[in-house]
Amino acid sequence: MSDQANEIREIIFDTLRAALPQDRPLSDNTHIIEDLGLDSVAVMDFVMEIEDKLDISVPLDKIAEVETLGDLIATVQRLKQAA
Amino acid sequence: MAVLDKYAALAQQYAGLEAAGANPFNVPFERVLSPTAAIIGGRETLLLGTNNYLGLTYDPAVIAAANAATQAAGTGTTGSRIANGSYGSHQQLEAALADFYGRKQGMVFSTGYQANLGIISALAGKGDHLLLDADSHASIYDGSRLGYAQVTRFRHNSPDDLANRLRRLAGEPGEKVIIVEGIYSMLGDTAPLAEFAAVKREYGGCLVVDEAHSLGVLGATGRGLAEQAGVEADVDFIVGTFSKSLGGVGGFAVTDMPGAEILRVVSRPYMFTASLPPGVIAATEAALHQLRARPELRQRLNENALRLYRGLAGLGFELGPEPSPVVSAIMPSPEAAFGFWAALLKAGLYTNVSLPPATPKGLALLRSSVSAAHSPEQIDQAIGLFAQVGERLGLLGAPAFAAAK
Ligand SMILES: Cc1ncc(COP(=O)(O)O)c(C=O)c1O
């Protein structure tokens, strides 16, 4: 696991913990909609926070493909590397 | 069959509303009496949730124009604009819209929804970039999927976030299309359009403004937010609807962009659907004439808007950030919104319920919209009913924001 992926994971988990009403266990296998109970708009709003922190834009079709936190980390890492 | 199984949870909620006899998404108006009154559930009800901003649905000149055109040209065109569905009256309405906005070209669509689909999908194609305000109407989101562009959303009403996103795209191939609305339909707030226009001038891009709720409402001559903000020259396309201030149905776009005629043969939501019937077209042109000739309608509308906004704010309701003809009270929960809505209806006042994901930030809204056709007494009557019902339900001055998120 690269340093960059770890750093992105930390940013995503920290942002989620601040956004969620209750503490939930988070891992790469956590399903964003099913396990965290976010609706589609809440997911897009949460991704906006990540975009700000990492200075990237995540297109909506990429967000739609994401199911787990691991997927999101991989997507964000690819975009960060391309930026 | 299992095709509907994915809606099981939603279906249960919906059935619950029906069973309680209070489903805001399925209320028949048994008989409409005027722009501000209808018979609902056997009872005369004050309408405060119709988007009938100028109250033109019963305007005698508008009705006469619709009748005359129906008599002369028939009930429908039975075809699309690119086949047998373009009549002289469609072109005449397009010219009237272009004249009103001082633009070279007008284009009429069969609904406002389709105008957004048709313009957005045609402007932002494969390889282009579409930048949407996060609180955009569903028709803008749906249009963004139709054109295969890369779509990102910027923070609601944030020119800084738009600038950040355009900066990240600098040097990338593809056109950049930016979309904002004049008045946002959920909370009634307006876009900081002068600031958005400045960002567009700095980074480049094509700016589209959906004036669905601001046509006939804002601006010295009623053209909308772009006119009010003094930035019409920076707006490349204005999109709008006939279904609110003009009291009919249909959508349009106007532009000065050279070559925009080509949209008539590339915009699928324009091409592959039947055109509006002659009666609707004639009514719309007559309503546009009323909008232009009677600025007092706009004035009365805005006075009513302010009266309702101040009245509800005075009762302690948490409202959208600025007075506008859309006045939404933020409710602590969807259940509270349903309960309040149903109690108001029982008391003789019709409003709307708006829920996530259609609303921003997961808010549950009890949404009202006012009309120029309301008398000040009707607005006061509505405020009185909000007070009565709010008191009874313990929802006056409820700390809604804190509870909602
Ligand atoms: C911002 C906005 N754009 C477009 C539309 C679609 O207009 P119509 O209902 O006329 O299709 C609406 C309203 O429904 C709207 O609120």
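The model is predicted. The ligand is surrounded by 14 residues. The protein covers 84% of the 390 Å² of accessible area that the ligand has on its own. Helices α2 and α10 of chain B pack at an angle of about 150°.

**Shell around the ligand**
- The closest residues are Y113(B), D210(B), H213(B), T241(B) and S243(B).
- By class, 9 residues of the shell are polar, 3 are charged and 2 are nonpolar.
- Helix α4 of chain B, residues 112-123, gives the largest share of the shell, with 3 residues.

- D210(B) places a polar side-chain atom 2.6 Å from a nitrogen atom of the ligand.
- T241(B) has a side-chain N or O atom 2.5 Å from an oxygen atom of the ligand.
- K244(B) has a side-chain N or O atom 3.2 Å from an oxygen atom of the ligand.
- Of the ligand's own accessible area, 390 Å², the protein covers 84%.

**Helix packing in chain B**
- Two packed helices are described by the angle between their axes and the distance between the axes.
- Helix α2 (residues 60-73) of chain B packs against helix α10 (residues 278-293) of chain B, with the axes 7 Å apart and at an angle of about 150°.
- Angles over 145 degrees count as roughly antiparallel, so α2(B) is roughly antiparallel to α10(B).
- The crossing in which α2(B) passes α10(B) is right-handed.

Note on methods
Residues numbered from 1 in each chain as written. Chains lettered and ligands numbered in written order. Predicted model: local features only at pLDDT ≥ 70, side-chain atom pairs only at ≥ 80, totals over all residues. Heavy atoms only, no water. Near = heavy atom within 4 Å. Polar contact = N/O pair within 3.5 Å; in protein donor to acceptor, adjacent residues only side chain to side chain. Areas by Shrake-Rupley, 256 points an atom, 1.4 Å probe, with all protein chains shown as cover. Helix = DSSP H or I, 4+ residues; strand = E, 2+ residues; numbered from the N terminus. Nonpolar A, V, L, I, M, F, W, Y, C, P; charged D, E, K, R; others polar. Axes fitted to C-alpha atoms, helices over the stretch in contact; angles between N-to-C directions. Parallel < 35°, antiparallel > 145°, perpendicular 65-115°, else oblique. Left-handed = near helix turned anticlockwise from the far one by under 90°.
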